[in-house]
Amino acid sequence: MRESSPQICPVPLEQQPVNEYEALKSAWLYAWGQLDLLSYGKKLTGLALLISFIVSPIASASFSVEKQPVQCGFMIVLGIGLLLSLFVLRLLLGWRYVGDRLGAETVTYEESGWYDGQVWRKPLEVQTRDQLILRYQVNPVMQRWQDTLKFLGATMAIDLLLWAMFRLISA
């Protein structure tokens with residue numbers, strides 16, 4: 001974490017947006033968005049495989065694998081997409097929170113508890129630094145999470161469309 005002089009910034013260190021950013025980018029799951037594309041894809045694929053171990057028994061209980069393997073497969077893909085989307089959404093919201101704090105002209109903070117909230121107006125040099133971090137570090141990560149959500153949404157939509165077409169054909 002970066003140190004700030006109390007005369008310049010009265011905000012406690014752990015509540016300063018730049019330190020919240022540093023903590024977030026070093027957090028295990030939140031850091032995935034900063035990985036190169038191949039590593040990022042491997043992490044999400046590994047998580048999708050882990051989720052499949054949760055979703056597969058549920059799908060198998062809903063549709064017999066022997067009698068309805070296609071429907072079971074569609075259900076597994078849909079379940080993986082839904083759970084993975086919730087995971088990605090949570091990570092995106094964490095990055096968005098820090099991004100909003102970096103982009104704001106003021107910092108809301110608590111000195112000792114929830115009952116004594118304060119607001120500090122960032123000086124121009126702090127605003128400039130925070131805007132640069134937001135633009136070049138946080139926004140690309142948020143864009144990657146948003147693109148992932150769009151991909152997962154499209155995958156689930158195609159899955160549902162194919163499921164509906166299969167039901168029409170097999171009826």
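The model is predicted, so local features need pLDDT of at least 70 and side-chain atom pairs count only at pLDDT 80 or more, while totals for chains, interfaces and linings use all residues. Residues are numbered from 1 along each chain as its sequence is written, and side-chain values use heavy atoms, with hydrogens and water left out.

Start by selecting L84, F87, W95, V138 and W145. These have the most contacts inside the largest nonpolar core, which has 35 residues. Such a core is a set of buried Ala, Val, Leu, Ile, Met, Phe, Trp, Tyr and Cys residues joined through side-chain atoms within 4.5 Å; buried means under 20% relative accessible area, exposed over 50%, and partly exposed in between (1.4 Å probe, protein chains only).

Next, colour α1 (17-26), α2 (37-62), α3 (69-103) and α4 (124-170), the elements that give two or more residues to this core. Helices are DSSP runs of H or I with at least four residues, numbered from the N terminus. The most comes from α3, with 13 residues.

Now centre on W95. Leaving out residues up to four places away in sequence, W95 touches Y21, L24, K25, Y30, Q34, V138, V141, M142 and W145; contact means heavy atoms within 4.5 Å.

Finish at L83, in helix α3. L83 is partly exposed, with a relative accessible area of 35%.
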